[in-house]
Every structure is written in C-alpha cells, then in structure tokens.
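Trainee: I would like to go through this model with you and ask, step by step, what each description rests on.

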Amino acid sequence: MQNRTHEGRPLPSEATRRLPIEKDARFAGAVEHTESGRTSFVSLAYGSAALRFLPGGIVRLTLSRGDARETEPSFAVLGEPETLPPEVEEAGSFLGLSAEGVTARVYYESGSIELIQEPGDTRFETRGGAFVFDDTVMGVHIPLGGEDRVYGLGEKTGSLDKRGRVYEMWNSDEPTHFPTQDPLYCSIPLAIRTDPRGAVGIFLDEPARSWFEVGKEDPETMSVAASSSTIDLYIILADQLSGVVERYSALTGRMPLPPVWALGFQQSRYSYFPDSRVREVAQTMRDKEIPCDVVYLDIDYMDECRVFTWSSASFPDPLRLSRELAELGMRMVTIVDPGVKLDPEYHAYQSGMAGDHFCRRATGEVYEGAVWAGRSAFPDFTRSETRAWWAELHKVLFENGVAGIWNDMNEPADFSGEFYYRPDFTPPEDVTVHPDGLGRRGLERYHNVYGHTMCEATASAFERFQPHRRPFVLTRAAYAGTQRYAAVWTGDNHSWWEHLSMMIPMVLNMGLSGFPFTGADAGGFQADATPELYARWIQAAAFMPFFRAHSARDTVAHEPWSFGSEVEHIARYYIGLRYSLLPYLYTQFHDASAHGTPVVRPLVWHYPEDRRVWNLNDEFFLGPDMLVAPVLSPGARARSVYLPEGEWYDFWSGELLVGPTDVVARAPLDTLPLFVRAPAALAIATAKRNAEETLAEAPRLHIYPGTGEFRPRSVGLLVHDDGLSLDYRGGARTVREILLSVENGEKWRVGCAVSELQSGFEAAPSAYDVILHGAQVMESSSVRPGSRGAGEWTWLGAK
Ligand code: GLC
C-alpha cells in the first residue's frame, strides 16, 4: 500500500478521539441473586451479570443490559471451559460467591463487583457499578494504582507499558504507524495489569469494536468498553505476568509447533516476478552462502490478482519452480487475499456465488467492494460451509508445491472504504454475514474475527491437503485465539529507525497477548532502507520469533546483498547466527506451544520486582537465557545496556558482568550487544543453508556457569524431532534436559549431564560436544545423554 498517502490531510489520531463512554454514565443499581447451573446470575437495575468460576483463578464476568445468560459462541475461547460450583454467602451489604480461593462480591448498594483472592486481597473491582453505559457502548471502570503497569493489548504502537492512552480494537489496514497511530491490523483485547500483589489479565471477548482506556482521562482508572449491549470479560488472577499468559493461552489456545523452516530466514518482496526473478533471488542466496528457507510470492504471481490462480505469463510452471527451489533447500509461500474478483468467468467467483459464500448487503445483494483485483466479493468466513469451500480452493496452491500461506488484507481492507480514515477502509455498515446457527447479522459485529475465521479456513486447508505436515499460515489481521492458526507479521511498517524501535515493544506485547510467533518486516516495508538501517534491522530481527525481510514495490532493492559488501557481510553473519541458535530457539517454540510462553519476553517477565525494567523498550530476552540489546539509532557505535541482578556473560568477549548494572556496550556496525544470563547451557549448531539441515546435526552445548556454586540444576531442554511432520504428537520426539552443577572446591568443578525425558526420535544425537565458557581455557569435550547423572561431563580446573 505504498502508493497511498494522506496528502497533508489531518490524520485522525488518538488525541482527537476519546473512549465514547462518560465517567458519570448512570450506575447500575441493586442486585438480587438466582442460580442456573454453575452460572451465578445477578439481576441489576439496568441489566444483569452472570458470573462463572473457571479452574485456575479465572472468573468469567458477563455483563449485559439485557439477560447476561444469553451469549453467543466465542471465537477465541477453546471449547466449553469447565465451570466450578460456587459457595454463596448473603451478607448485609453484598452477595458473595466463592470457588477455589476466589470470592466475587456484588455490592447491593452500588452494584460494583469485586474479586478477592485468599488471604483477602482485592485483585479486581469494577468502580461505580457493575458497568456503565450510554446508548451504544457499555463497559467497566477498573481502578489503576500508582505502581500498576499495563501490558498486552496485542499489536499496538507506543511503549511496552500501555498506560496513558486509549486503544481501540478495530482491525484496520493502517499503513502509517506514527507513534500514536491506532488502531492497527490486529485486535487482541487482553490487558494485563501488574501490581505489587501480582498480575491480573482482563480479557474482553468481543469481536465488535471495543476500547481500552488505560489511565488517560483519569490516571487512576482503566476503562474497558465495547459497542455492544453485552460484554464478556475473563478476569485472570495470577502471581505473575507469566501466570496470566499461561492461563490465558490455555483458555484461547496455543500456537501449534511450526515447521522448522518457518523459523529460518525468509525473503519477500512486493513482488518477486516473473518466476525467473524468484529463481535468481534463491540462487543468489545460495551463491552468497546466506542461509535462507523461504521465498515469498506476493500478489503478482496470480492472474490479475484472482486468488487461487497462477499468472500464465509470469508463472507458467509453478510446480517446476517449487521443485527447483526445493533443490536449493528452499520453500515457496504465496499470498492469499480474501477478496474474490467479480468475474463471471472465474472459478472462485462462480463457486462462491453458487454456494452463497459472500457477504451481502442488508438489501440482500452480494456486497461488491474493491481490492487489488478490482471489484470483488468478500467471503463470509463466519460460516463453516464457506470456510470449507475456501479451504478446498487451496488445492491449486498445494498441488504446485506451495509450502505456506500468507493471508493479507483480512481486516478486511476495502479500497471502496474511507481512504483517509483507515478504520473505515473496510466494507460499509450495512454489510451482513450469516454465522452458523444464527440469523443474518451486521459484519460490523464480527469485524475483528474476519481475519481469524479466514485463518481458521486456511489451517483446515492444510489438514485437507497436507494432513501430515505442520501448517504454516502467516496473517496480518488477528483476534484473540488466532495464534492457534497463524503467525502474525506487524503489517506495513516503514524503513524508519522509529519503526525498528517500535518492533520491540510491539512484538513483546504480542507475545504477552498469546502470540509467540510474531515479527515485523525486517528492513522496513515502505521507503528505502539505508545500508546502516538495514544492517541494524537484520541484526535485531535475527532474534525475533518470525524473521522475514519484506519490502514494497517502489523501494530500492532490500536483499541482504543490496547495500554493499560490508552490510552483506553483516547480514550473512547475523542470519547465520540465527541459524546457529536454532536448537535453542526450537526449545523456546516447544515451550510456547506447550505453555504459551513467549519466545521473546520483556525483562519484566523475569524481573517483575525490578522497576528499572517495568517499561524497558530497547532490550529483550530471547528465551530465558539471552538478553538482546539492539542498536536503534543511526550513527551509534555503543549503547547503554541495563543488566538486572545476576551474572551475565558478554556473548562476544566472554567477559563476566555482575548486575544490577548499566554497562556501555561496544557496538560497531557489525556488533549487536548480546548477553547470556548465567547459569545457562545454550544449544548452538553450525549454520547450514536451511533450518532442516542445521537442526539435523548435533548442537554443541555452550556452558556459561557463572561464579556461583550449585547442585545439579535444570538449565533447559533439548528437543529433537523431524521438524516437519506431526509425528511428534504420536511420540516421535526426543526431549532431554540439560543439568548443570558447579562446585568451588580446591579445583573448580563444572558438571553437565543430559537426561532423557522422552525418547521417540530415532535420529536424535547420541552425544553433544560441550564448550565451557569463562574458564581460562575454553574447554571442549562431549556429553552423552542418559538417565540423570549418567553420561556426565565434568571439568576440573581453575576459573
Ligand atoms: C499489503 C501488505 C503487504 C503486501 C501488499 C501487496 O500492503 O501488507 O505486505 O506486500 O499488500 O500484496
């Protein structure tokens, strides 16, 4: 979308829009209590509330101006969560409901609702009634303490701590991400408030337009509201940020383990065409020995942007192309947009019309919007039949060797909408959908799940056509739960230093919002990168969960070799380092798919009590052991890095540093400051041309013991499987635990053992070379996996 500009018109910014809910809206009044099953139903003066207790400290609070028992199926929440029967207490001024150590109090006088956790801490409360409302909006006011911080909220501009602004949840094709621009492409309505007593997740499960006002009008209040007459809130109580993310991701689902090639470096451009250009890019990667796993095909591979077609002029033999790429050890991912060109001669339009798969206007006719293909119809993905039809259309991609699908424009973007106000760059208000089992409804009510349901359809296309392979779907728009189907890239950024910086808090908050597999267009999509910016961006992006370089049509070339030999050398080195780190990274992906743990984390994840890191935006953790401090401004050749409490190794010099401390890290253009938190054992491989080949060999265990003394302690896992198939689900996987111990006797004794937790992958390595860092001599030997203690490697020597 690089051709669209705002041409000097004033941009609607968050400063000109406010949460459309007044603080003095009428309060809800007195309560009475009835019970239906495990739902506690409370009738209020202006509506009702339904309370449900879920295991693990989650309370579902449905607030309605009508009957709160009447809710629609959720797109985000997995299945029907178990609910616990509460104990009821009728006190003088409130009704109390308790389960698993959590008590909800509904106050008769004010209607306010309070959640109290044993031993008596108020963890959540609605201020001024159960809810507040006006004609079109309802919501809750929640107190914010001075020490509270707010994280999450998905893909938003601004800093890590979201306090002080209002955020709208309305998926928008917004190509200009000024520092306060809002909304963008994804709506993940989960705010996590941390306070001295722990962390509270506030998840508003509402696919229509909603808002989070985080202490903007009143620094002591967070307001959560939706343009709906019912709101469904899940309040997640935990001790720490990590507890909220673990519970929230159990509620809304976790990222399935991706194929390993999706963890490698991926090269994209709008567009590489014709096919000879794709070959040339792939061949150049190999000639220049730059590891790479994927080349992307943007809209020009299609026949005039008709989805599920190939351009016979530019891509006459896509199967041959994919085979040639496979010989080079690379894969092909194609873009798929939701719009279907209005063309009576075109198969997808014909079958879409025949199956009644398109959104309609209130007056009944099929809605005609406009996208890259010109006048187009928009599939109604809320219908399961439409999703099945859409999945089937992917045949022509899979049979030509396409390995992954890139879903774009799925906010949905509609060129016939309002160009200058991007939230309205979408179908008009009278467009309708027909969700399963429900009557015709306004698309507006389902706006934020358009991309989500499209990705659900795409994921099922993989089940249909590649049932044994791990799917890879990339999406621009998402809602809570989309992590079950797709990775996310953060849309059309610019080759600006500001956007390099913005990538960090944005991707970190996506991780805290249940999306561990996210990244930004490396190098920047719009505008021309300078050699220096490109080098710094590749360095930083090499540590992001999703690592893809992409650029727009009218920019200078943005390949690793496009910026001169010095930058090419730097890009090759950091892309190579990414591959070397794949064994460690793969363990983090394994963790993310098992527990929802973000692959990259803000420092506050590991140091919740260190106020220096509560809003630290320019450093992050990759997994638990690596602290990454990218250089984010032009000309900088050193930067200050904060290292929290503990011992840290400078990855480059091996120097041991003791935190908390601020260090000035050297950062010539070829150096990204990087630190290892001791004690750690990093599994590092030798980079090969792609991820599969890199992971096929046994990694080395790099041990960073620190100076402390400790008994054998688990410092991480090693995960081995075929990296591509779903066989790991049936047990074809080997999982090993790395144990370290250090004794400071007369001699310094460092021990390492690898114990087998799960055996099942036959090709798992039989031994690992061990490299000890921090000793006078870097020592190398090997360790063999065995039961605890067996196959132990010990090093005896001086520090
Ligand atoms: C949108 C996407 C961008 C893509 C372009 C053309 O702008 O965000 O990544 O290259 O469309 O398909």
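Mentor: Let us begin with the second largest pocket of this predicted model, where H11, strand E39 (638-650), strand E42 (680-684) and strand E44 (710-720) each supply at least two residues of the lining.

Trainee: What makes a residue count as part of that lining, and which residues are the closest to the centre of the pocket?

Mentor: A lining residue has an atom within 4 Å of a point of the pocket, and 23 residues line the second largest pocket, those closest to its centre being Arg 601, Pro 624, Asp 625, Arg 677 and Val 715. The volume of this pocket is about 400 Å³, and H11 gives the most to its lining, with 5 residues. By class, the lining divides into 11 nonpolar, 6 polar and 6 charged residues.

Trainee: How do you know that H11 reaches close to the span expected of it?

Mentor: The expected span is 1.5 Å times one less than the number of residues; for H11, residues 582-595, with 14 residues, the expected value is 20 Å, and the helix reaches 19 Å from its first C-alpha to its last, which is close to it.

Trainee: Why is H11 called mostly covered?

Mentor: A residue is buried if its relative accessible area is under 20%, and 10 of the 14 residues of H11 are buried, so the helix is called mostly covered. Among them are Leu 582, Tyr 586, Phe 589 and Ala 592. Just after H11, Gly 596 takes a positive phi of about 80°.

Trainee: Which strand gives the largest share of the lining of the largest pocket?

Mentor: That share, 3 residues, comes from E19, and strand E4 (58-64) and strand E19 (230-238) each supply at least two residues. The largest pocket holds about 510 Å³ of space, and of the 21 residues that line it, the closest to its centre are Glu 72, Glu 206, Ser 228, Thr 230 and Arg 445.

Trainee: Why are E36 and E40 said to stand at the edges of their sheet?

Mentor: The sheet is open and antiparallel, with 6 strands in the order E36-E37-E38-E41-E39-E40. Strand E36 (600-601) and strand E40 (656-666) each have a single partner strand, so one side of each is left without a neighbour in the sheet.

Trainee: What makes E37 and E38 a pair?

Mentor: Two strands pair if at least two bridges are found between them; strand E37 (residues 620-622) and strand E38 (residues 626-628) have 3 bridges, in the antiparallel sense, and therefore count as a pair. Within this region, Phe 621 stands opposite Leu 627 in E38.

How values were computed: Residues numbered from 1 in each chain as written. Predicted model: local features only at pLDDT ≥ 70, side-chain atom pairs only at ≥ 80, totals over all residues. Heavy atoms only, no water. Helix = DSSP H or I, 4+ residues; strand = E, 2+ residues; numbered from the N terminus. Buried < 20%, exposed > 50% of the residue type's maximum accessible area, 1.4 Å probe, protein only. 1 Å grid on protein atoms, 1.4 Å probe; cavity = no way out; pocket = protein on both sides within 12 Å on 5 of 7 lines; lining within 4 Å. Points joined across faces, edges and corners; volume = space filled by probe spheres on them. Nonpolar A, V, L, I, M, F, W, Y, C, P; charged D, E, K, R; others polar.
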